[in-house]
Amino acid sequence: MISFILCMVALFLGYMTYGKFVERVFGPDDRVTPAVAKADGVDFIAMPNWKVFLIQFLNIAGTGPIFGAIMGAKFGPSSYLWIVFGCIFAGAVHDFFVGMLSMRNGGASLPALAGRYMGKKAEKGILVFSVFLLLILGSVFVYSPAEIMSMFGGTTFLWVIVIFVYYIIATLLPIDKLIGRIYPLFAISLLFMALGLVVVLLMKWPAIPEIWDGLGNKALTVDPSFKDQLFPCLFITIACGAISGFHATQSPIMARCLKSERMGRPIFYGAMITEGIVALIWAAVSSYFFYGEPTPGYALYEATKDLGLLTSAPKVVYLVCEDWLGVVGGVLAVLGVVAAPITSGDTAFRSARLIIAEELKYEQKSIVKRLSICIPMFVACIALLVWQTGNPDGFNTVWKYFGWANQTLATFCLWTVTCYLVIHGKPFVITLVPALFMTCVCSTFLFVSHQALGMEETVGNPLGLAVMICAGICFGRWYKKFEKNRIQ
């Protein structure tokens, strides 16, 4: 528990210090924002800052800081360090710069930003990759909340239909009609859940692994059949609580609703730090569930006595919330956990609509033009859902590929921001270092994961490192050429 407390303090200090430094690097000013200059009553709408923060937080939260933290906690207390350092130095920086650059470029989406700072080939590649990711995410965030809701009644299939109908409505309506009204309530519910769990954690003060007990893969000491290696799998499993490419598709949505650039740090950087806090809380709760001493939490629940590390993330959420927070608190907490993926799912489709519309130069005030983009997206998602529900391991398979695609998109985004910083003569090392690290993580995962190429670590890890070195060399050559041209 001492490690947990120290990490919570570190996240707060990171916002107050490094967050201010990153803000100074960008230099927000008082120029007119797209929410005012391009107001259209659908996507460009100025909203109160508190509401934008809550919507941004809920948009990026999803199941990542909850389910990802639960699965990541199996690796042991090293999950704490990834959440803290990843959030402060990579994820929050990533979200802040994408949101601010979107505002500076008229509310542009990530592919358009990549095109501006990395060239048209990068724009086309990231366009395809980001839309693909958003469709996968929409599918995942239909199925996971439906599975949780089925625990209270009805079938998973019934809840899939209900949630999907909601997605269609939310994607098409102006952002202030549905999202702007109900998202703040759901965000408060999610924050209530986190606060309630912190209070119970402090009251129980369970004996859980500390950072100084060792940072190795703790799951291997309990279950030798656990296949995932700490590197790179931890950094793929815990995404939204540390750094997530999905956030780069969401920050532009809120960039179109902010009335002042000076709110960028509390809203973009601050929402990511808040998400890191939620992830840290669930990592601590899950450490109790998997490794609590003298008896792990899973052994105290009849439904999970024989499951151990194999207990699903939704079941962990349901059992812990109901046991720790009581019936009413448990229902409200689970509502927050259910609302998070649902609200991220609908904004995933909304973001995909806006990205495609921007590429095709389709204005979005017309409902007909919105439908012309949305119908093919929804058909593709339905096909993915049918496959997912018909395959016993469908959800886990989709989630693993989503995790890799998600972190790969974050890597592309970090390289985009690095190029922006170089072009504008700003200290680019703040994104270059995380860009290189995430390049190594994503390439290594592709080589060694049993869901991908499945190479031996002795082969896959050096190959991942080689890819990172090659990326660094390519960047160095580009930087040298750019500086030479600038001097001339």
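Author: Let us begin with helix H7 (residues 110-118), where Leu110, Pro111, Leu113, Ala114, Gly115 and Tyr117 are buried. Buried means under 20% relative accessible area, exposed over 50%, and partly exposed in between, with a 1.4 Å probe and protein chains only. Helices are DSSP runs of H or I with at least four residues, numbered from the N terminus. Just after H7, Gly119 takes a positive phi of about 110°.

Reader: What should I know about the origin of the coordinates and the numbering?

Author: This is a predicted model, in which local features need pLDDT of at least 70 and side-chain atom pairs count only at pLDDT 80 or more, whereas totals for chains, interfaces and linings use all residues. Residues are numbered from 1 along each chain as its sequence is written, and side-chain values use heavy atoms, with hydrogens and water left out.

Reader: Where in the chain is confidence lowest, and where is it highest?

Author: pLDDT is the predictor's confidence in each residue, from 0 to 100. Where it is low, the predicted coordinates should not be read in detail. Confidence is lowest in helix H11 (residues 219-222), at a mean of 69, and highest in helix H2 (residues 18-26), at 97; the mean for the chain is 86, and 93% of its residues reach 70 or more.

Reader: Which residues are joined by cis peptide bonds?

Author: Most residues other than glycine have a negative phi, and most peptide bonds are trans. Here a cis bond joins Phe231 and Pro232, with omega about 10°, and another joins Glu293 and Pro294, with omega about 5°. Pro232 is found in helix H12 (residues 230-237), while Pro294 belongs to the loop between helix H14 (264-291) and helix H15 (313-360). Trp205 has a positive phi, near 45°, and is found in the loop between helix H10 (179-204) and H11.

Reader: How many aromatic pairs are there, and how are the rings of Tyr15 and Tyr269 placed?

Author: Rings of Phe, Tyr and Trp (its six-membered ring) pair if their centres lie within 6.5 Å; planes under 30 degrees apart count as stacked, over 60 as edge-to-face and the rest as tilted. The count comes to 33 aromatic pairs. The rings of Tyr15 and Tyr269 have centres 6.2 Å apart and planes at 45°, so this pair is tilted. The pair links distant parts of the chain, with Tyr15 in helix H1 and Tyr269 in helix H14, 254 residues apart, and both residues are buried.

Terms used
Helices (H or I, at least four residues) and strands (E, at least two) are DSSP runs, numbered from the N terminus.
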